[in-house]
Amino acid sequence: MPDDNANAQAGTSGRNGTPDPSRAQRTAIAELLRGIAPVADELGERFAAAGHELALVGGPVRDALLRRTTKDVDLTTDAPPQRILEIIDGWADAVWTIGIEFGTVGLRKNGTELEITTYRSESYDPKSRKPEVSYGTSLHEDLRRRDFAVNAMAARLPGHEFVDPFGGLTDLQRKVMRTPGRPEDSFSDDPLRMLRAARFASQLGFTVAPDVVRAMTDMAGRIEIVSAERVRDELSKLVCGRYPRQGLALLVETGLAAHVLPELPKLRLEIDEHHRHKDVYEHSLIVLEQAIAQEEDGPDLVLRLAALLHDIGKPKTRRFETGGRVSFHHHEVVGAKMTRKRLSALRYPKDVVADVSRLVELHLRFHGYGTGEWTDSAVRRYVRDAGPLLSRLHKLTRADCTTRNRRKADRLRRTYDDLETRIERLGEEEELAAIRPEIDGNEIQEILGITPGPLVGRAYKFLLELRLDRGVIGKDAARDELLAWARAEGIVDGSEEDGS
């Protein structure tokens with residue numbers, strides 16, 4: 001039976017107590033279905049002819065009602081997976097069964113990709129990291145087992161009947177996240193849904209119903225049984241959402257962050273060295289928002305993670321100095337190690353781990369620039385150390401200025417403008433992004449009369465430092481410097497003049 005409470009909240013209702021979509025929302029559903037028709041309707045007719053139900057469900061319906069674009073076409077049916085394969089055999093252009101153990105069959109028809117999942121319920125054993133899947137026979141019960149009411153709406157195919165037994169449409173209008181049934185039951189079935197609540201808060205800007213927040217708080221420890229990979233994926237979607245502060249605050253408020261990203265709540269009680277903020281946690285959220293404001297091509301996961309985690313080394317490096325000052329010396333080095341450890345534990349790809357931790361390590365480097373005292377050599381090293389992360393480092397460094405002192409903020413901005421101008425000028429002169437010694441490894445061996453081995457690497461490093469210190473000096477001068485270094489190191493005879 002439909003949830004009476006949900007229907008009572010829904011306001012105007014259609015048949016069977018289901019809320020009526022507004023004209024604009026009906027148009028949105030029609031547009032969504034039109035976008036995948038005639039494929040969806042033709043498929044619906046095939047399932048109906050075979051004696052089975054088929055409906056568009058979940059995220060695509062929600063996003064259509066919110067007028068958000070979506071690439072997903074998720075369908076659900078009472079037909080078991082093998083029966084799905086029989087129905088689409090000879091009709092689909094391509095079929096894949098990667099998710100068939102969870103009841104999902106993928107297919108492509110006329111360029112449209114769809115996923116069909118058998119009505120199901122899934123739950124976790126208290127000690128298991130993998131959900132147990134069982135199939136159902138009712139669309140209503142399939143919708144009941146879904147995570148949130150806004151994801152528990154469907155449109156039957158081929159008739160396009162709108163189905164909303166749990167008041168999802170009203171929740172969309174009120175911008176609130178509720179579960180179809182008791183949140184405790186929902187989170188017991190799949191603890192990852194607690195993270196999904198925070199993720200949807202970040203993506204949609206919705207608030208989470210108080211009873212859902214209480215259940216998340218009471219059951220936060222249950223997230224421990226979920227695999228690191230699934231946690232990582234939800235966390236990435238949250239961080240890359242439109243309102244990440246909202247989702248992150250919910251994680252901290254409910255205690256979930258203590259289990260999935262414990263470094264974050266530990267920042268709440270740490271005063272930064274400039275006494276500019278109530279705590280480093282708030283500062284980090286501001287830096288994240290200011291980094292996002294500089295993005296040019298959509299959400300940048302590496303930049304956002306670096307902004308969020310750039311100060312996580314502060315709690316471990318806090319020292320109380322004379323005069324009531326608090327210092328966090330070398331927190332960037334400690335923070336980089338902590339970042340590497342945490343992201344590795346969450347099973348992030350190695351390149352993401354390396355890039356984020358490197359940005360955390362470099363985020364304070366600019367503050368040695370003063371008012372422009374760096375030599376060209378120091379500027380070259382700044383570029384060399386940042387490598388392909390230079391653009392992101394620019395954004396992170398600018399975002400890290402959160403002082404409320406307008407004069408100080410303007411001075412820092414002008415100083416960084418000057419640094420970027422110098423980088424651009426040197427880059428035009430010297431191709432900084434591809435700095436190499438003027439003498440390569442083969443030439444080193446020929447000049448010094450040595451064979452491949454560690455000595456070549458030492459000589460190459462010397463020449464690179466020379467290049468960074470003095471810029472382009474020409475091959476002859478570089479050769480002379482190399483020979484002088486080799487004589488001082490005892491690599492070649494002191495009387496040797498030409499290295500042959």
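**Aromatic pairs and nonpolar cores**

Phe366 and Tyr416 are both buried in this predicted model. Their rings form an edge-to-face aromatic pair, with 4.7 Å from centre to centre and 70 degrees between the planes. Because Phe366 belongs to the loop between helix H18 (350-362) and helix H19 (376-386), whereas Tyr416 belongs to helix H21 (residues 406-430), the pair ties together parts that are 50 residues apart in sequence. A stacked aromatic pair is formed by Phe462 and Trp485, whose ring centres are 5.2 Å apart and whose planes make an angle of 15 degrees. This pair links distant parts of the chain, with Phe462 in helix H23 (residues 454-470) and Trp485 in helix H24 (residues 475-488), 23 residues apart. Phe462 is partly exposed, its relative accessible area being 22%, while Trp485 is buried at 14%. The count of aromatic pairs comes to four.

The largest nonpolar core comprises 103 residues, and those with the most contacts inside it are Leu43, Phe47, Leu75, Met216, Leu251, Tyr382 and Leu419. Helix H9 (residues 192-204) supplies the largest share of this core, with eight residues. Beyond its neighbours within four places in sequence, Leu43 is in contact with Leu54, Leu75, Ile88, Trp91, Leu107, Leu114 and Ile116. Another core, of 16 residues, lies apart from the largest one and includes Ile447, Leu466, Leu482 and Ile491.

Charged side chains are also placed over aromatic rings. The charged end of Arg199 sits over the ring of Phe200, at 4.5 Å from the ring centre, and Lys314 lies over the face of Phe328, 5.2 Å from the centre of that ring.

Methods
Residues numbered from 1 in each chain as written. Predicted model: local features only at pLDDT ≥ 70, side-chain atom pairs only at ≥ 80, totals over all residues. Heavy atoms only, no water. Core = buried A, V, L, I, M, F, W, Y, C linked by side-chain atoms within 4.5 Å. Buried < 20%, exposed > 50% of the residue type's maximum accessible area, 1.4 Å probe, protein only. Helix = DSSP H or I, 4+ residues; strand = E, 2+ residues; numbered from the N terminus. Contact = heavy atoms within 4.5 Å. Phe/Tyr/Trp six-rings, centres within 6.5 Å; stacked < 30°, edge-to-face > 60°. Lys NZ or Arg CZ within 6 Å of the ring centre and 35° of its normal.
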